[in-house]
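Colleague: I have a model open and would like to talk through how its parts are arranged. Could you take me through it?

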Amino acid sequence: MTQDVDFLIIGAGAAGIGAARQLRSLGASPLVLEAADHIGGRAETFYHGALALDLGCGWLHSAERNAWTKIATETGFAVDRRTPAWGRQYRSLGFSPSEQAAASAAMERWAERLVEAPPASDRASDALEPDNPWNDFIAARTGYISGVGPERISVADYVAYDEASSDENWRVEAGYGTLVAASLPPAADLRLGVSVRRIDLGADRAMVETDAGTLRARCVISTVSTNVLAGDAIAMPAALDPWRDAAARLPLGRNEKVFLEIVGDAPFEDETHVVGAPHSRRTGSYYIRPLGAPVIEAFLGGDSAEVLDGGPEAGFDFAVGELRGLFGSDIARWLRPLTSTHWSGLVTIGGGYSCALPGHADARARLARPFEDRLFFAGEATSRTDFSTAHGAHDSGVRAADEAFAARKGLQRLTGA
């Protein structure tokens with residue numbers, strides 16, 4: 001069955017929802033397709049009783065200018081503004097004060113070199129000091145920040161984000177994913193569980209073949225991840241090869257989470273944090289009792305995230321093993337596996353968030369270009385400075401919606417159609 005629409009949005013994550021909200025505010029009625037059985041994309045909240053645990057994005061980064069902060073305030077979502085416990089090793093377990101100071105200093109010197117003396121290669125690892133004992137610590141940090149080690153990070157890209165971001169990082173008490181999902185306009189025409197298989201270009205419309213039929217759309221806003229766009233899940237005409245090439249230069253990094261439930265009278269304090277093995281690039285970042293919840297959130301990035309390829313049990317064993325190394329072997333009796341992620345294994349996404357490969361920071365601008373005022377591209381990867389964030393995704397959706405709406409109005413003025 002073929003259906004004609006003016007505005008079609010592919011993907012109901014933060015970017016797709018941002019685009020839908022903007023088009024609705026302009027008086028348009030978009031159709032939104034989502035391949036998964038729920039909305040939110042990489043913003044997903046898992047509920048365990050009264051606990052709301054964010055499997056994907058969990059922090060309102062650059063919170064004072066984050067669009068989701070404003071949306072949360074306007075819609076009655078409580079925002080916790082406490083300073084994160086990152087950077088403070090609880091009781092200096094396995095990480096002495098002098099080591100913490102040395103590691104932080106090494107990280108700061110490396111970041112300064114990226115700005116003041118960027119390597120000609122644009123490869124962040126080339127700015128590391130040879131044989132510095134904290135290079136693995138830096139690699140672990142880039143794994144959390146970018147999803148990859150410094151060998152695969154564009155200096156220009158990394159610096160663009162770092163210079164634009166602020167130190168304000170807040171949380172949505174009900175879950176970031178809950179906020180994003182609740183923000184889709186109630187009147188939006190949403191189709192869940194519908195995958196796009198092919199996009200063709202007609203004379204004045206894009207033909208979008210899905211597993212539920214074919215759509216003819218005057219304007220299409222694609223918010224699919226770079227791994228999906230660059231892959232073979234959606235067939236596209238050769239005219240879109242430059243966009244697929246740009247997406248390939250912005251692959252998704254590895255970012256996963258493992259949640260452990262705290263049971264009994266365990267010796268853990270609210271809002272504390274530890275790094276599992278500060279001298280290793282393959283280690284987790286553990287947030288203990290976030291917002292007072294009886295859980296430990298293990299964040300694994302880059303090399304350490306690969307452990308989830310072995311399944312949830314491998315992730316639980318890895319996290320408990322690192323915590324036993326810090327708190328003692330008896331600590332395991334207070335911990336129970338709760339849930340974990342494997343974003344890299346989801347065919348509809350394929351990873352955490354995008355990172356420009358060395359020499360390809362300009363791929364973000366190339367990916368964000370419209371194609372013939374018919375196809376428009378959004379998603380965190382299209383943001384020049386706020387990539388890897390839900391607010392960057394949202395803002396890109398707004399930008400693409402404005403472009404599509406202006407193009408449609410221009411066509412109406414020219415043809416009356």
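**Sheet and helices**

Modeller: Five bridges connect strand β12 (residues 255-262) with β16, and the two run antiparallel. Strands are DSSP runs of E of at least two residues and helices runs of H or I of at least four, numbered from the N terminus, and two strands pair if DSSP finds at least two bridges between them. This is a predicted model, in which local features need pLDDT of at least 70, side-chain atom pairs count only at pLDDT 80 or more, and totals for chains, interfaces and linings use all residues. Residues are numbered from 1 along each chain as its sequence is written, and side-chain values use heavy atoms, with hydrogens and water left out.

Colleague: Which residue stands opposite Phe259 in β16?

Modeller: That is Thr339.

Colleague: And what is the strand order of the open sheet?

Modeller: The five strands come in the order β13-β14-β15-β12-β16, with antiparallel pairing. Since β13 (272-275) and β16 (335-340) are at the edges with a single partner strand each, one side of each is left without a neighbour in the sheet.

Colleague: Switching to helices, which residues of α8 are buried?

Modeller: In α8 (residues 241-248), Trp243, Arg244, Ala246 and Ala247 are buried, meaning under 20% relative accessible area with a 1.4 Å probe, protein chains only.

Colleague: What do the buried residues of α8 pack against?

Modeller: They pack against α7 (226-230), α10 (363-368) and β17 (375-377), where contact means heavy atoms within 4.5 Å.

Definitions and conventions
Buried means under 20% relative accessible area, exposed over 50%, partly exposed in between (1.4 Å probe, protein chains only).
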